[in-house]
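Dear colleague,

Please find below the structure I am handing over to you. My findings follow it, arranged by topic.

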Amino acid sequence: MAAPVLGDGPDLWRLARLAGLALNSPYCYTLWTRDFSATSVIARDADGQARGYIIGYVRPDAPDTYFLWQVGVDPAFRGRRLARRMIDHVGDRITERGLTHLEATVTPDNAASRALFASFARARGCEAAWSPLFRPEHFPAEAAEDDEYEDLVRIGPLGRAGS
């Protein structure tokens with residue numbers, strides 16, 4: 001696992017599409033690899049093919065908090081704990097930088113993501129607090145079918161894995 005570099009933008013976009021995630025523009029993923037590389041990760045297989053990524057950033061209004069924006073895993077690599085290894089990698093990197101909390105948003109019906117974050121919190125010896133965040137009124141009416149409710153999970157204070 002490594003921080004993404006500028007040339008990884010197309011791989012992030014491709015993985016988001018393969019994973020069935022809310023797809024952003026290719027420009028967005030390329031910009032992410034330039035501006036938020038230090039707070040993101042890309043995982044490659046033995047042949048160098050991108051198989052997963054996490055993109056996130058330190059919240060400007062909460063400099064002790066990392067916001068995990070998107071986790072993408074190649075469907076052929078699901079069930080191999082790749083998402084968990086990537087989030088552990090990110091967790092180690094952000095705690096080394098002095099950050100104390102991790103946040104993410106998850107739809108209420110996404111049991112796999114909810115379990116991932118709960119497991120991460122347990123391994124770090126901290127709480128995962130869930131609360132409503134984004135509702136239909138936070139999105140344009142014409143996009144309402146595309147965006148579901150999103151709950152915020154706030155995990156912290158973070159310790160190292162196994163703490």
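**Arg 81 and its loop**

At a relative accessibility of 56%, Arg 81 is classed as exposed. Please note that this is a predicted model. Arg 81 is placed in the loop between β3 and α3, and its phi is positive, at about 65°, although the residue is not a glycine. Most residues other than glycine have a negative phi.

Asp 74 is located in that loop between β3 (62-73) and α3 (82-96) as well. Asp 74 is buried, at 6% relative accessible area. A polar atom of the Asp 74 side chain lies 2.8 Å from the backbone nitrogen of Ala 76. Leaving aside residues up to four places away in sequence, Asp 74 touches Leu 15, Leu 18 and Arg 51.

**Overall architecture**

The chain comprises 4 helices and 6 strands. Read from the N terminus, the order of elements is α-α-β-β-β-α-β-α-β-β. The radius of gyration is 15 Å, close to the 15 Å that the globule rule gives for 163 residues, so the chain is as compact as a globular protein of that length. Along the principal axes, the C-alpha atoms fill a box of roughly 40 × 35 × 30 Å.

Of the 163 residues in the chain, 41% are buried. The accessible surface comes to about 8600 Å², and carbon and sulfur atoms account for 54% of that surface. Considering contacts between residues at least 6 apart in sequence, 64% join residues at least 24 apart.

**Helix α1 and Pro 75**

Ala 19 belongs to helix α1 (residues 9-19) and is buried, with a relative accessible area of 15%. Although Ala 19 and Pro 75 are 56 residues apart in sequence, their C-alpha atoms are 6.0 Å apart in space. Not counting residues up to four places away in sequence, Ala 19 touches Val 73, Pro 75 and Arg 78.

Arg 124 lies in helix α4 (residues 111-124). Is this arginine buried or exposed? Arg 124 has a relative accessible area of 2%, and because the cut-off for burial is under 20%, Arg 124 is buried. The side chain of Arg 124 reaches the backbone oxygen of Asp 88 at 3.0 Å. A polar contact, also of 3.0 Å, joins the side chain of Arg 124 to that of Asp 92.

Gly 159 is placed in the segment after β6 (150-156). With 18% relative accessibility, Gly 159 counts as buried. Apart from residues up to four places away in sequence, Gly 159 touches Thr 95 and Arg 124.

The peptide bond that joins Gly 156 and Pro 157 is cis, with omega at about -5°. Most peptide bonds are trans.

**Aromatic residues**

How many aromatic pairs does the structure hold? There are 7 aromatic pairs. Phe 134 is partly exposed, with a relative accessible area of 32%. Phe 139 is likewise partly exposed, at 24% relative accessibility.

Trp 32, Phe 36, Tyr 57, Phe 67 and Trp 69 are linked into a cluster by ring pairs.

Two arginines are placed over aromatic rings. Arg 80 lies over the face of Phe 77, at 4.1 Å from the ring centre. For Arg 114, the charged end sits over the ring of Trp 130, at 4.2 Å from the centre of that ring.

**In brief**

Two backbone features may be inspected directly in the model: the positive phi of Arg 81 and the cis peptide bond between Gly 156 and Pro 157. The side chain of the buried Arg 124 can be viewed together with Asp 88 and Asp 92.

With kind regards

Methods:
Residues numbered from 1 in each chain as written. Predicted model: local features only at pLDDT ≥ 70, side-chain atom pairs only at ≥ 80, totals over all residues. Heavy atoms only, no water. Helix = DSSP H or I, 4+ residues; strand = E, 2+ residues; numbered from the N terminus. Buried < 20%, exposed > 50% of the residue type's maximum accessible area, 1.4 Å probe, protein only. Polar contact = N/O pair within 3.5 Å; in protein donor to acceptor, adjacent residues only side chain to side chain. Contact = heavy atoms within 4.5 Å. Phe/Tyr/Trp six-rings, centres within 6.5 Å; stacked < 30°, edge-to-face > 60°. Lys NZ or Arg CZ within 6 Å of the ring centre and 35° of its normal. Rg over C-alpha atoms; globule rule 2.2 N^0.38 Å. Areas by Shrake-Rupley, 256 points an atom, 1.4 Å probe, with all protein chains shown as cover.
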